Amino acid sequence: MRNPSAWSRRIPLAFLALVGGAISVYLAIYQLRFVYQVWEPFFGEGSRQILRSNFSEALPIPDAALGAAGYFLELLLLLVGGTQRWRTLPAVVICYGAVIGLFGVVSVVLVGLQFFLFHTFCTLCLASAAISLTITVLGFDEPLASLRYKL
């Protein structure tokens, strides 16, 4: 069995979390109106329609800021512990699994909303969702190993 907590498995996930966090920070800066245009190469006004919608602005803080916080929480949880953390720190690893699982589900829901509610897309939102789903798929073996070990 491969070591689910090996750095060779966690570093690429940490890199993805950093990229996803950077995208989310950029989108939050747009939602906070610190910049007045957002990069959108494929869907015309799609990003603007989605990021400035009543849905996106329903929370007291930009939804992209929550995404950024989630990515940085993932990064923090990835960096805690050594290569045996799936056995020595199962609570941290299971918490990590809950976070990536939640963000994977949220990503699917947000992409679905873009399609069904807005009928357009946001390129960077899709990129963020793809990153989140990739982290979920590639990172879930470690929490599963911890759960099996704990049970």
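**A note on helix α7 and its neighbours**

1. Let's start with a crossing: α5 passes α7 in a left-handed crossing, meaning that the near helix is turned anticlockwise from the far one by less than a right angle (clockwise would be right-handed). By class, this contact has six nonpolar, two polar and two charged residues. Here Ala, Val, Leu, Ile, Met, Phe, Trp, Tyr, Cys and Pro count as nonpolar, Asp, Glu, Lys and Arg as charged, and the others, Gly among them, as polar.

2. Before going on, please keep in mind that this is a predicted model, in which local features need pLDDT of at least 70 and side-chain atom pairs count only at pLDDT 80 or more, while totals for chains, interfaces and linings use all residues. Residues are numbered from 1 along each chain as its sequence is written, and side-chain values use heavy atoms, with hydrogens and water left out.

3. Overall, the chain has seven helices and zero strands; these are DSSP runs numbered from the N terminus (helices H or I, at least four residues; strands E, at least two). Of its 151 residues, 42% count as buried, that is, under 20% relative accessible area, with exposed over 50% and partly exposed in between (1.4 Å probe, protein chains only). The C-alpha trace spans about 50 × 30 × 30 Å along its principal axes.

4. Back to the helix pair: the axes of α5 and α7 lie 8 Å apart, and the packing angle is about 135°. Axes are lines fitted to C-alpha atoms, for helices over the stretch in contact, and angles run from 0 to 180 degrees between N-to-C directions. The two helices are therefore oblique to each other; angles under 35 degrees count as roughly parallel, over 145 as roughly antiparallel, 65 to 115 as roughly perpendicular and the rest as oblique.

5. Which residues of α7 are buried? They are Glu142, Pro143, Ala145 and Ser146. Seen down the helix axis, they fall within an arc of 155°, so they line one face of α7; the arc is that of the directions from the axis to the C-beta atoms. This set packs against α1 (7-31), α4 (85-88), α5 (90-118) and α6 (123-139).

6. Glu142 deserves a look of its own. It is in α7 (residues 141-150) and is buried, with a relative accessible area of 2%. Leaving aside neighbours within four places in sequence, Glu142 is in contact (heavy atoms within 4.5 Å) with Pro4, Ser5, Arg10, Arg85, Trp86, Val93 and Tyr96.

7. Finally, Gly101 sits in α5. Not counting residues up to four places away in sequence, Gly101 touches Thr136 and Phe140.
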